[in-house]
Amino acid sequence: MRKKIVAGNWKMNLDISEGIELATTINSHFLTSPLEGKEVILCTPFIHLNAVSAIVKTAGVSVGAQNCSNHKSGAYTGEISASMIHSTGAKNVIIGHSERRIYYAENDSMLAEKTAEALRNNLRVIFCCGEVLPERESNAHFDVVKRQLENGLFMLPEDDFRKCVIAYEPVWAIGTGKTASPAQAQEMHHFIRGLVEKHYGTKVAADTTILYGGSCKASNAAELFANPDVDGGLIGGASLLKDEFCNIVKAL
Ligand code: PGA
């Protein structure tokens with residue numbers, strides 16, 4: 001049985017006291033409203049990881065980073081390694097978010113290295129894929145997502161692949177208020193599950209969690225999550241608002 005997950009991606013928002021406050025209220029919320037098998041992940045800025053990991057003690061809630069270095073250690077000024085992330089108590093890391101691909105020129109081979117480095121350090125990888133608008137308009141979206149997954153993720157042996165979650169995030173829907181329709185999300189998620197099946201077989205495909213991301217909020221979460229191949233969400237803007245985020249989790 002695959003896991004149902006809602007992951008919040010705080011991006012570059014909230015100072016340390018605001019982050020602690022948000023994590024504290026979310027943690028208390030799920031203490032009183034248990035997750036019953038669902039999972040919640042809070043992906044915070046690096047500097048919040050240690051403090052937030054110490055706060056988040058509720059069953060089913062864990063912490064993640066938004067990126068990691070492709071290197072193990074050494075002279076890489078300003079970088080954060082997967083082992084450092086793991087040492088904070090964080091259990092997850094987002095790899096290949098479109099903002100990293102686009103603004104920081106992270107390419108498929110670098111992302112494959114980051115994924116391998118994260119797994120070597122016992123972090124669960126939330127691997128992002130998704131097309132930009134011109135790619136969808138020219139009907140290249142399936143090819144783009146296939147290439148991203150084949151080059152960044154499908155080189156993994158099955159045991160490692162099983163430690164990964166896929167997030168489909170159409171770039172044209174991120175932070176734009178424009179959400180993929182439930183039918184568009186289902187179509188792509190079904191396609192992705194088919195690719196996983198081709199590489200790893202039916203059982204692994206059935207067990208793979210595939211999240212949708214891109215302007216998902218409390219008002220549209222239920223219709224997106226109702227699709228058979230949508231197993232939860234990767235939430236940006238709405239993850240900064242406690243009630244909104246908790247209502248998205250409730251919709252799962
Ligand atoms: P958004 O971001 O929910 O603000 O669109 C999603 C993401 O980038 O993970």
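Phenylalanine 46 is partly exposed, with a relative accessible area of 31% (buried denotes under 20%, exposed over 50% and partly exposed the range in between, with a 1.4 Å probe and protein chains only). The structure is a predicted model, in which local features need pLDDT of at least 70 and side-chain atom pairs count only at pLDDT 80 or more, while totals for chains, interfaces and linings use all residues. Residues are numbered from 1 along each chain as its sequence is written, and side-chain values use heavy atoms, with hydrogens and water left out.

Phenylalanine 46 is located in the loop between E2 and helix H2 (49–55); helices (H or I, at least four residues) and strands (E, at least two) are DSSP runs numbered from the N terminus.

Eight strands form a closed barrel in the order E1-E2-E3-E4-E5-E6-E7-E8, with parallel pairing (two strands pair if DSSP finds at least two bridges between them). On average, neighbouring strands of this sheet are turned by 25° against each other, direction ignored; axes are lines fitted to C-alpha atoms, for helices over the stretch in contact, and angles run from 0 to 180 degrees between N-to-C directions. Strands E7 (residues 210–213) and E8 (residues 232–235) run parallel and are joined by 2 bridges. Tyrosine 212 has glycine 233 in E8 as its bridge partner.

Helix H12 (residues 242–251) lies across strand E1 (5–9), strand E2 (39–43) and E8, running at about 160° to E1, where contact means heavy atoms within 4.5 Å.

Glutamate 187 is placed in helix H9 (residues 182–200) and is partly exposed, at 42% relative accessible area. Between glutamate 187 and valine 230, the C-alpha to C-alpha distance is 9.9 Å, with the two 43 residues apart in sequence.
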